Amino acid sequence: MKEKNILKKTTKTITDSADQVLEQLKNGFSKIADLGTNTKNKFIDYIKEVFNVLPLLEKAGFRTNRLIVGVSIPPSVEIHFSRFKEIDSSEIDAFYKEYKDKKMFKLILKSLLMSNDFQSKLSSESLVFSETCIEISIPPKVSIKYLNKDIANLIKLEADFD
């Protein structure tokens, strides 16, 4: 009898929690669906601005591995980068001067350089740095991603084989 009551309470708690999560999801999706045309256009312009600075970031030595657009509230753009060449500080300064009117470029490049400096001070026996992820959202976020060395070596071997 006691186990039946516990099972009933547990089932009710799980059902109530699932209903609450579904309600929150429904509310979130309705907010996204209700975004006005003006808001959607601003977000699209924002994404285009990000796309436009990616070639400039490649000139600075950072290749885009992937880009993920999060259609959410707030919207987000997640960009995964790998550094394929080192640029000295005088070249970086020249980029800042040349593209001084491109705020998005400066924001992302500063974040990448800060992440690169931070990452260079971290090491592990079993993990190897793989990429930096910049999430442009509220709040913004920079992630430094590592892979298991064995997996990284396998990926490198596969790339060399192709």
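**Salt bridges and a helix contact**

The model is predicted, and in it R63 and E58 form a salt bridge whose closest N and O atoms are 3.6 Å apart.

Q: Is R63 buried, partly exposed or exposed?
A: Buried means under 20% relative accessible area and exposed means over 50%. R63 has a relative accessibility of 35%, so R63 counts as partly exposed.

Q: What is the relative accessible area of E58, the residue that pairs with R63?
A: E58 forms a salt bridge with R63. E58 falls in the partly exposed class, because its relative accessible area is 33%.

Q: How many residues apart are R66 and E131?
A: The side chains of R66 and E131 meet in a salt bridge, at 3.2 Å from N to O. R66 lies in strand 1 (residues 62-70) and E131 in strand 3 (residues 127-136), so the pair links distant parts of the chain. The separation is 65 residues.

Q: Is E86 buried or exposed?
A: E86 and R83 meet through their side chains in a salt bridge, 3.7 Å from N to O. R83 has 19% relative accessibility, so R83 counts as buried. E86 has a relative accessible area of 62%, which means that E86 is exposed.

Q: How many salt bridges does the structure hold?
A: Side chains of opposite charge can pair when their charged atoms come close. Among the salt bridges here are R63 with E58, R66 with E131 and E86 with R83. The number in the structure is 4.

Q: How many residues in the contact of helix 2 with helix 4 are charged?
A: Helix 2 contributes Y46, E49, V50, V53, L56 and L57, and helix 4 contributes M104, F105, I108, L109 and L112. Of these residues, 10 are nonpolar and none is polar. The number of charged residues is 1.

Methods:
Residues are numbered from 1 along each chain as its sequence is written. This is a predicted model: local features need pLDDT of at least 70, side-chain atom pairs count only at pLDDT 80 or more; totals for chains, interfaces and linings use all residues. Side-chain values use heavy atoms; hydrogens and water are left out. Contact means heavy atoms within 4.5 Å. Helices (H or I, at least four residues) and strands (E, at least two) are DSSP runs, numbered from the N terminus. Ala, Val, Leu, Ile, Met, Phe, Trp, Tyr, Cys and Pro count as nonpolar, Asp, Glu, Lys and Arg as charged, and the others, Gly among them, as polar. Buried means under 20% relative accessible area, exposed over 50%, partly exposed in between (1.4 Å probe, protein chains only).
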